[in-house]
Each structure stands twice: as C-alpha cells, then as structure tokens.
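I opened a new notebook page today and went looking for sheets and pockets.

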Amino acid sequence: MSNMLENYGLGIFNEDEDSLMGFVGYVTKEGKAITGYYGTPYFFKSMGNVEFWVKTEKNHDGKLQVTEFDSHCANKCVWKMIHSGIDITPKNASKLERVIIFNRNDTRDGLLPVEVITADVLPSFMKGDKVTMQVVALPLHINYYANEDEYVEAQPEGKDGKKYLMANGSMAALYFLYNHSLNRYEQGKDYETDRYVHFTATVKKICYGTFETEGKEHNTFIRCFADTEYGELEFDHTYGMVPEEQRDNIKVGAVISGVCILSGDVAIYEYDKGIIKDFEHNLKLLRHTLANGEAKRLETVLAKDAVYETDTYGKKYNGARAIIDRFEYVHNNRDTEYTARFATIVALDEPGMEYPVGTKCIILSDGEDSDYESIAFMTVDDNGMIKKVKISTDSRYHFEID
C-alpha cells in the first residue's frame, strides 16, 4: 500500500513490470526475514536512507509468494499512539498490514489514519492498545510557502468569503470525516481517500535522502522534518513534486502544506526480530482472537501438544489444527461478538484450585454491558508456546478487571 517509489526518486522501477519484479526479487533474496503471527515473513532491506519491505503469503502449494511491496525511510520519528478501535484496512489488503485510525497517546484526542506496514508482529489490534511506531509522511502533493503570511494568502476562500485554515503543526483526516459523514457513508465500502491526511507545518530541518546501490549513494529525494501535534515528522518527496515557483522556498522556516499518507513501522525495538513468544504477548493475542477472530494467527505460538478445554461444551480439543478450527467455528457462528477484558484472579472459594490468586486471565461477556459469561485462562511453556487454553465457567474464581 505504501509502495510510493516516486517519493524517493525511484519511479524508474515502476516503468515496467520486469524492472519492479526484478527489484522485488533482489529485496527478497538479500533482505532480512522478519516473521509475524501468520507465519509468513516480511523481507526487509535498507539501501541508504530508503527501506524496502516485501510481504509474503503461502499459495495453494504451500510455497511463498509476494503479495505487497512497501517503501519506507528510517528516522528517529517514533510516536506512541493508541488504537481508536477503528480499522479501515481495505478488504483486498495483505493480511500482514493494517490501516488503523489512531488517537494521541497523551490525551486520546485526534483521529489519524496510519498504514502499519509491519502490523503482523503485533499480537493485538483492539481499541485502547498502545502502539509504538516509527513514522514517515509520504506526500501526495506538497507546497512550500516562504512564511505564514504567504501560506494564508494562497488559501482559497469558501462560498461565504472566509478562509478556513489549518493551525500550524496540525494533521487532519478530512477525507475520512467527509467519507463517513451520515449523509454520505455507504456501509461496507472501502474509501481510498480514508487514509489521506492534510497537514500544515513549519520546516525545522531539511536534507537530501540517499538511495544506495552497488556501493554508491545517490541523492534521490528530500527529507523535510517538521513538528506536528503528534510529534516530529519526516516528509519524503522529490524536488520535482514541489511546484516550480515554490522551489526557492525549500528551506528551514518555510511553511509546508498538502496531503500525505502516513507509513508506520512497528517492527522496531523489541519487535525488530519479529513476534515475541511469552505469556504477556500470547495473552494479548488470545484476547484479540476471542474478540475479533483471525484464529490462524495462533498457529505460530501453539505447542504441538496444546490443549483447549471448555466448560461451556465439556469438550477437549488437542493440537493446533483442532484448536484453530474450533476458534474459527465459534467466531463464525456467534450471533454477537465477545467483549474481552484483561483481569486478575484475586480470591478463590477453595484452596488448591487450578489457577491460583494472581493469575492473569481474560473475562468474556456477551456485549459491553453484560455480566461476565466465562473466564479464559492460558498456560505457557518454557519456550513461550501456549500449552493450554481453558474456558471456565467456575464461579469459585473471583477476579478484578485490570
């Protein structure tokens, strides 16, 4: 989705399919493999300042095939965001990426769409999840004004004769708000422009960006840094994307405005080698699965001899395939969605029960305001693999919601 080679001065690879596929093949062969929960790798290759990500999936023969190709840029613009609960990922997108509307971490304000190009390394995509990502803006078009006055002068007037301006440093998902207005939105329709973000900011730093090949670095694009309401952000574009009459303004102190797509990389810090197999991450994954489905993501963390027990049906399911099939059946045949909350066992009616005080678990209820229906417990082995999932209706367990 974020395959915007033109922003990096590399549009030549898009001129014919053979050139692009040859380059994708090179990244796949030479890149670092990073595996997510679906079990198929991303291939990552850094070439100068530019980063390339190839997404894969298995075909009907079980062999890997390329599904998506993304361009990105390494920088120190790292944002902490909160999942708003709104997922606008297109239906035909790769399973390894998401387009999510995020809120600010500090105030939970704002609605900002971000293409999370490495999403499958995260265990969960639920409202309230805190996500740390390295972000870059890829302008669809960008203007450079000498100063604030010139920016104001260039903006058009509305039908009422007034100018409606964005505050400096602001970012707004205006297309998303327009597309989803009550008198316009069509249920289930994908809107390409939902992910577009309007911006206005003042340039604080500017430099060339490099593309390295065969041991040589080439200055192929411009890296423009500015402070926004969400944090420092890098805008990557070519010289030719700036209107000719504005090119003398490409310098510190200029006011930039336009429309961009935000590309976010979450395969950083503790996730730079891929998924983390431990109790905490597995419990997040289990909660996401119980609430949202996608049981196939459990396969990479289910032990071969894993067991799924449920008091609701009094049955036991053995092995990863049987467990995944059962989760998928329950999710596909429920009339309503589970509400799943993290909790801790705080008291037992009898000593010696299977899960002691202090055990972290998931409380399930049939709707946001319903009484709890059951408790999901999980056991993990020394390798961080899930050994057992237990759905209990035992009222002798007492818990507190985290």
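**Ground rules.** I am working with a predicted model, where local features need pLDDT of at least 70 and side-chain atom pairs count only at pLDDT 80 or more, while totals for chains, interfaces and linings use all residues. Residues are numbered from 1 along each chain as its sequence is written, and side-chain values use heavy atoms, with hydrogens and water left out.

**Entry 1, the sheet.** I looked up an open sheet of four strands and found the order β1-β2-β3-β4, with antiparallel pairing; two strands pair if DSSP finds at least two bridges between them. β1 (32-35) and β4 (64-73) are the edge strands with a single partner each, so one side of each has no neighbour in the sheet. From one strand to the next, the twist averages 25 degrees. (Axes are lines fitted to C-alpha atoms, for helices over the stretch in contact, and angles run from 0 to 180 degrees between N-to-C directions.)

I followed β3 (residues 50-58) and counted nine bridges in its antiparallel pairing with β4. Which residue of β4 stands opposite F52? I found S71 there.

Helix α1 (residues 17-30) lies across β1, β2 (41-47), β3 and β4, where contact means heavy atoms within 4.5 Å. Against β2, α1 runs at about 100 degrees.

I noted a volume of about 640 Å³ for the largest pocket. (On a 1 Å grid over the protein atoms alone, a pocket is an open set of points where a 1.4 Å probe fits, with protein on both sides within 12 Å along at least five of seven lines; lining residues have an atom within 4 Å of a point. Grid points are joined across faces, edges and corners, and a volume is the space filled by probe spheres set on the points.) The lining has 26 residues, with G85, F125, M126, H288 and N292 nearest the centre. Which element gives the largest share of this lining? My answer is α4, with four residues.

Of its 24 lining residues, D129, K130, V131, Y271 and K284 are the closest to the centre. Here too α4 supplies the largest share, four residues. β8 (130-145), α4 and β16 each supply at least two.
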